[in-house]
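This report describes selected features of a structural model, moving from the overall form of one chain to individual residues and their surroundings.

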Number of protein chains: 2
Amino acid sequence: MQHSIDQLSSSKCFGATVERYSHVSPTLGNTLAKFHVIVPPQIKHRKVPVLYFLAGLTCNDETFVLYSGAQRYAAFYGILVVCPDTSPRDTGIEGEDREYNFGSSAGFYVNATTHPWNKYYHMFDYVTKELPQVIYSNFNVDSNRQSIFGHSMGGHGALICALKNPTQYLSVSAFAPVSNPVNCSFGRKCLRGYLGNDKESWKQYDATELIRENGPQFPDILIDQGTLDPFLKDQLLVENFQKACQSVGQNLTLRMQQDYDHEYNFISTFIHDHFAYHNLALSQKPNASI
Amino acid sequence: MQHSIDQLSSSKCFGATVERYSHVSPTLGNTLAKFHVIVPPQIKHRKVPVLYFLAGLTCNDETFVLYSGAQRYAAFYGILVVCPDTSPRDTGIEGEDREYNFGSSAGFYVNATTHPWNKYYHMFDYVTKELPQVIYSNFNVDSNRQSIFGHSMGGHGALICALKNPTQYLSVSAFAPVSNPVNCSFGRKCLRGYLGNDKESWKQYDATELIRENGPQFPDILIDQGTLDPFLKDQLLVENFQKACQSVGQNLTLRMQQDYDHEYNFISTFIHDHFAYHNLALSQKPNASI
């Protein structure tokens, strides 16, 4: 299958290049999807691993490369970083841009089942299926070595993508993730809007529920969380995820970062730790003992 | 003299804090001026040196802290970084926001003499006189140790602030500076607009003219310039500055950075080098031999 993409921009940074692309996405109802990649210099000489970053509410595919400082570490470790958008765009659905926490820029990384969103809003399949194929078809990457991380709504996205596909990703981490969306107002708004009123159907996209249901899936999960994050108590509920991990024996490295907030001053401070964490997993040779 | 300031925000990053303030500025016609500071953790224990960053066209006081990654290095070296705005704001001058390259966000770091700009647009005095006093009055800094750098229009600003006040700054550097504004269309537009038609008056704010006129002023000047910068040939004219430095014996470290462009992917790649450069100068004890 062809996965043709159009390059929109390219800019050198730390010896890597920051590149933006668009492509028509069948998974997203044939809308035009954009993504950013940070292409490390090592890709000229060998297949490199892939690390997906899922951004948060109100962000798009550019946010992470503008604010995180990830370029330095992508170049250093030789990892291709892929940043998808946070929702389909310009679907024509009336009111898709009306609310900051539902519709465009708030796709919540689920496959919508309710009309009219179910025609376009399949961000879960886009991130876990279509986009990886687009990347494999167009970049010199090792499809056996991919990991995923994200921030806030995108931290939720990273956790559910990994927990629902534990063999696809070698590691998962998150910054201030929405950790138990069935129990917070933002999560319930998106889950009801995209999936309808059957609350049982929401649980398939809830990291805390998935851990409880399926048990441990990774040797470890890394989460950084700022103690001054204004969303911590009511929306993120990371302690619920922590309890679920403890109850099933899933190792979780939860670091409460004193006096840090929710935004990119927080993320950029700890981004190197996350690269080092994923690099360890991505550097393992699959089936190395054979 | 009191220099009272109001804190607008604070956010922790790399152990430093990124803080935004506003104050009524007499130099800027009693308009409300905003600035950002990156406050390093060392300030709790000792007076720290100060490094001013002047931003470019269309930017404001927040741009540098959002995109440069400077927080990491401010915290590491223990330097207070100060980021003023690029012009007065909300003066009430008709059309001040109309053009991207004149008026608001394009103050060009001069003292305007033409009506109506001369009532407010005194960015040169603001950056070199009022703002340092505001900083000394409100932060635990060493007023004998300050340096300056900037980008594009702000690279021009840093060069003229330093070359016109060589005893005030211990070092100066720039990213892709407007180096000879009397000879480029953007520079001439601002110089004519703020200073009038007398071209002789423009030369006092032209780094290339100042070097030619006054001779060498610093042990060295550091400039980074991307070779894919679209403004290099017509607007920045760094080779004119280089020739002037050569003609008077001013040491200049001009690094042409292969395939880098004009924006923050370029700046963030080399920002550490500039911090290391300024840190060397700022670490000298003034009159150490006495």
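Helices and strands are taken here as DSSP runs, of at least four residues (H or I) for a helix and at least two (E) for a strand, numbered from the N terminus. The model is a predicted one. In chain A, A:Pro116 is likewise found in the loop between β5 (80-84) and α3 (123-138), and the bond from A:His115 to A:Pro116 is cis, with omega near 0°.

**Chain A as a whole**

Chain A is built from ten helices and nine strands. Its radius of gyration, 18 Å, is close to the 19 Å given by the globule rule for 290 residues, so chain A is as compact as a globular protein of that length. Along the principal axes, the C-alpha atoms of chain A fill a box of roughly 50 × 45 × 40 Å. Of its 290 residues, 62% count as buried, and 73% of the contacts between residues at least 6 apart in sequence join residues at least 24 apart. The accessible surface of chain A comes to about 11500 Å², with 47% of that area belonging to carbon and sulfur atoms. Chain A carries 23 positive and 27 negative side chains, and the centres of these two sets lie 4 Å apart.

**Individual residues of chain A**

| Residue | Relative accessible area | Class |
|---|---|---|
| A:Tyr52 | 0% | buried |
| A:Phe108 | 0% | buried |
| A:Ser201 | 18% | buried |
| A:Asn30 | 54% | exposed |

A:Tyr52 belongs to strand β4 (residues 48-54), and, leaving aside neighbours within four places in sequence, its contacts include A:Val82, A:Leu131, A:Ile148 and A:Tyr169. A:Ser201 lies in helix α6 (residues 199-202), and its side chain reaches the backbone oxygen of A:Asp198 at 2.6 Å. A:Asn30, in the loop between β2 (16-25) and β3 (31-39), has a phi near 60°, a positive value in a residue other than glycine. A:Phe108, placed in the loop between β5 and α3, also has a positive phi, near 60°.

The N-terminal end of α7(B) is capped by B:Asp206, of which a side-chain oxygen lies 2.9 Å from the backbone nitrogen of B:Thr208; after the helix comes B:Gly215, with a positive phi near 75°.

B:Gln250 is located in the loop between α9 and β9 (252-257) of chain B. Since residues under 20% relative accessible area are classed as buried, B:Gln250, at 4%, is buried. Its side chain reaches the backbone nitrogen of B:Gln217 at 2.8 Å, while a polar atom of the B:Gln250 side chain lies 2.8 Å from the backbone oxygen of B:Phe218. Not counting residues up to four places away in sequence, B:Gln250 touches several residues, among them B:Ile211, B:Pro216, B:Pro219 and B:Cys245.

How values were computed. Residues are numbered from 1 along each chain as its sequence is written. Chains are lettered from A and ligands numbered from 1 in the order in which they are written. This is a predicted model: local features need pLDDT of at least 70, side-chain atom pairs count only at pLDDT 80 or more; totals for chains, interfaces and linings use all residues. Side-chain values use heavy atoms; hydrogens and water are left out. A polar contact is a pair of N or O atoms within 3.5 Å; within protein, one must be able to donate a hydrogen and the other to accept it, and residues adjacent in sequence count only if both atoms are side-chain atoms. The radius of gyration is taken over C-alpha atoms; the globule rule is 2.2 Å times the number of residues to the power 0.38. Buried means under 20% relative accessible area, exposed over 50%, partly exposed in between (1.4 Å probe, protein chains only). Contact means heavy atoms within 4.5 Å. Accessible areas come from the Shrake-Rupley method with a 1.4 Å probe; for residues, only the protein chains shown count as cover. Lys and Arg count as positive and Asp and Glu as negative; His and the chain ends are not counted. The place of a charge is taken as NZ of Lys, CZ of Arg, CG of Asp or CD of Glu.
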